[in-house]
Amino acid sequence: MKICVLPGDGIGPEIVAEAVRVLKALDLGIEMEEALLGGCAVDATGDPYPAATQKLALAADAVLLGAVGGPQWDNNPREQRPERGLLGIRKQLGLFANLRPAILYPELANASTLKPEVVAGLDILIVRELTGDIYFGQPRGIEVRNGERFGFNTMHYTESEIRRILRVAFEAARKRRRKLCSVDKMNVLECTQLWRDIAIETANEYPDVELSHMLVDNAAMQLVKNPKQFDVMVTGNMFGDILSDEASMLTGSIGMLPSASLDASNKGLYEPSHGSAPDIAGKGVANPLATILSAAMMLRYTFANEAAARRIEDAVKKVLAQGFRTGDIYEPGMKKVGTREMGDAVLAAL
Ligand code: NAD
């Protein structure tokens, strides 16, 4: 088991260090090697995704990433922007499946803007297709037609693209409560009618998973009305972009949310859902739990070690129950800790 560790920029190095400590404590014999990605890579080499990092990422079974970006690189030419590195690695590794859990631990129910009874104990997983759909479809552009400007994009999916993301979602549902909701807009868009047809066909391979369908507008409403009805949701790139952000905000605590992006062989890139938080970088106050939980996802999806993944997740639940809180999730009466102390608490709970 080989991991390429990319701390990145801002709070990245601080939070990744804690996830690495947790992985080492499990003593699973995982090899880890660090490399540069993002702004730090631009500063060192002029390239946000340098050749040495590419070599390491391609050779590894999984990549653990902190975050990239910061105001000091915002005015760089496009080729030397940190996000270029992120897009580059996602593309090179062929990561087509984005898995974003939205979990609200009962202890943090007050962090959500929704009523605690609606969200306490929420545990849903959004599976988003990441490399197709209207975001990449050709033709696209802005042209002048009939004397006025005309903007256009093309939504398309092949059967095989739909089937492979659905299989990822069905497999993920099997590891959870075995309920899958496929989200489309089949009443208006033919492309998503095909999506629904293939979802129904693929369900035959997974008789143990209960498949339902929902139109995307209704799904957006149901996510705020009664989000606990969902287990796994699967959808295309554009709908998934919107719904996964909506779902993550149900929890109100961005510092808690992990994510995974997988290729066809379950090689994956694992990173927190948040950014590099330049406003608190270097202060030792960032919440490392999203990154630690991303490491748990790595053990579950790339290394198929459910028991080790659960150990990490249970340790995180325990530290929350013990009252440890970083600033972003702090409430009066709790124990306010920094990044390193939160890591210490997780290690002790392990
Ligand atoms: P952000 O997620 O970095 O920060 C938003 C707010 O949440 C800030 O107030 C920050 O302090 C707080 N926050 C985020 N993570 C936290 C944590 N672990 N603990 C405590 N507080 C936390 O989003 P932003 O401010 O819009 O972006 C900052 C930089 O990050 C930008 O350069 C942006 O491009 C980059 N970014 C990178 C990624 C990525 O690497 N995948 C994703 C989003 C944004």
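Let me begin with a term: a residue is near a molecule or strand if one of its heavy atoms lies within 4 Å of it. Of the 19 residues around the ligand, those that come nearest are Val 68, Gly 275, Ala 277, Asp 279 and Asn 287. Please keep in mind that this is a predicted model, in which local features need pLDDT of at least 70 and side-chain atom pairs count only at pLDDT 80 or more, while totals for chains, interfaces and linings use all residues. Residues are numbered from 1 along each chain as its sequence is written, and side-chain values use heavy atoms, with hydrogens and water left out.

Next, the polar contacts, each a pair of N or O atoms within 3.5 Å. An oxygen atom of the ligand lies 2.9 Å from a backbone N or O atom of Val 68, and a polar backbone atom of Ala 277 is 2.8 Å from an oxygen atom of the ligand. For Ser 276, the distance from a polar backbone atom to a ligand oxygen is 3.1 Å. On its own the ligand has 800 Å² of accessible area (by the Shrake-Rupley method with a 1.4 Å probe), and the protein covers 65% of this.

Finally, the helices, which are DSSP runs of H or I with at least four residues, numbered from the N terminus. The axes, lines fitted to C-alpha atoms over the stretch in contact, with angles from 0 to 180 degrees between N-to-C directions, come within 9 Å for helix H6 (residues 159-174) and helix H7 (residues 190-203), and they cross at roughly 50°.

Conventions. A polar contact is a pair of N or O atoms within 3.5 Å; within protein, one must be able to donate a hydrogen and the other to accept it, and residues adjacent in sequence count only if both atoms are side-chain atoms. Helices (H or I, at least four residues) and strands (E, at least two) are DSSP runs, numbered from the N terminus.
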